[in-house]
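Trainee: Before we discuss this chain, may I see its sequence and structure?

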Amino acid sequence: MKTKSLFPFKFNKKKEKNINYSSFYYGSIGIYNIEPGSINKNQLRALRQAITKVLKRRGFMWFIVYPEIPLTSKPQSSRMGKGKGGIDTWVCNISPGTIFIEIQSFTKKIGTLSILSCIKRLPFRCGLVFSSTNETQFK
């Protein structure tokens with residue numbers, strides 16, 4: 001006779017992709033983080049607005065990260081028990097050394113100004129990085 005297990009179905013675990021996020025794929029200027037952290041969807045929206053405010057259709061931007069991890073929370077006045085709370089926000093965890101925003105602008109000055117306006121809004125320490133292959137494009 002078969003015994004009932006606690007979890008009768010199989011879990012679909014997240015499969016880690018072996019992608020190197022420490023190099024450029026699209027742009028020539030990027031933001032990389034120095035210490036680990038997480039960004040939620042509202043912070044990513046604020047970064048997008050800050051970049052478009054400075055770029056003004058004089059360049060392109062690519063977000064490499066996407067918030068795919070749900071964070072749950074229960075209401076403040078609820079009692080203990082009665083299951084897990086509903087989904088509150090979506091976040092993405094970023095490990096150190098990853099380039100998570102790339103920008104391609106027509107001038108180097110506009111690209112650096114847009115990135116510096118983003119770094120102020122992030123909850124962890126970040127840095128500015130340039131692509132060595134596209135360095136001649138900004139002359």
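Mentor: Buried residues account for 30% of the 139 residues in the chain; buried means under 20% relative accessible area, with a 1.4 Å probe and protein chains only. This is a predicted model, in which local features need pLDDT of at least 70, side-chain atom pairs count only at pLDDT 80 or more, and totals for chains, interfaces and linings use all residues. Residues are numbered from 1 along each chain as its sequence is written, and side-chain values use heavy atoms, with hydrogens and water left out.

Trainee: Which elements does the chain have, and in what pattern?

Mentor: There are 2 helices and 7 strands, where helices are DSSP runs of H or I of at least four residues and strands are runs of E of at least two. Along the sequence they follow β-β-α-β-β-β-β-α-β.

Trainee: Why are α1 and α2 called roughly antiparallel?

Mentor: Helix α1 (residues 41-55) and helix α2 (residues 108-119) pack at about 150°, their axes 9 Å apart. Angles over 145 degrees count as roughly antiparallel, and α1 and α2 are therefore roughly antiparallel to each other.

Trainee: What makes up the contact of α1 with α2?

Mentor: On α1 the contact is made by Leu47, Ala50, Ile51, Val54 and Leu55, and on α2 by Ile110, Leu113, Ser114, Ser117 and Cys118; contact means heavy atoms within 4.5 Å.

Trainee: How do the residues of this contact divide into nonpolar, polar and charged?

Mentor: They comprise 8 nonpolar, 2 polar and no charged residues. Leu, Ala, Ile, Val and Cys are among those that count as nonpolar, Asp, Glu, Lys and Arg count as charged, and the others as polar.

Terms used:
Axes are lines fitted to C-alpha atoms, for helices over the stretch in contact, and angles run from 0 to 180 degrees between N-to-C directions. Angles under 35 degrees count as roughly parallel, over 145 as roughly antiparallel, 65 to 115 as roughly perpendicular and the rest as oblique. Buried means under 20% relative accessible area, exposed over 50%, partly exposed in between (1.4 Å probe, protein chains only).
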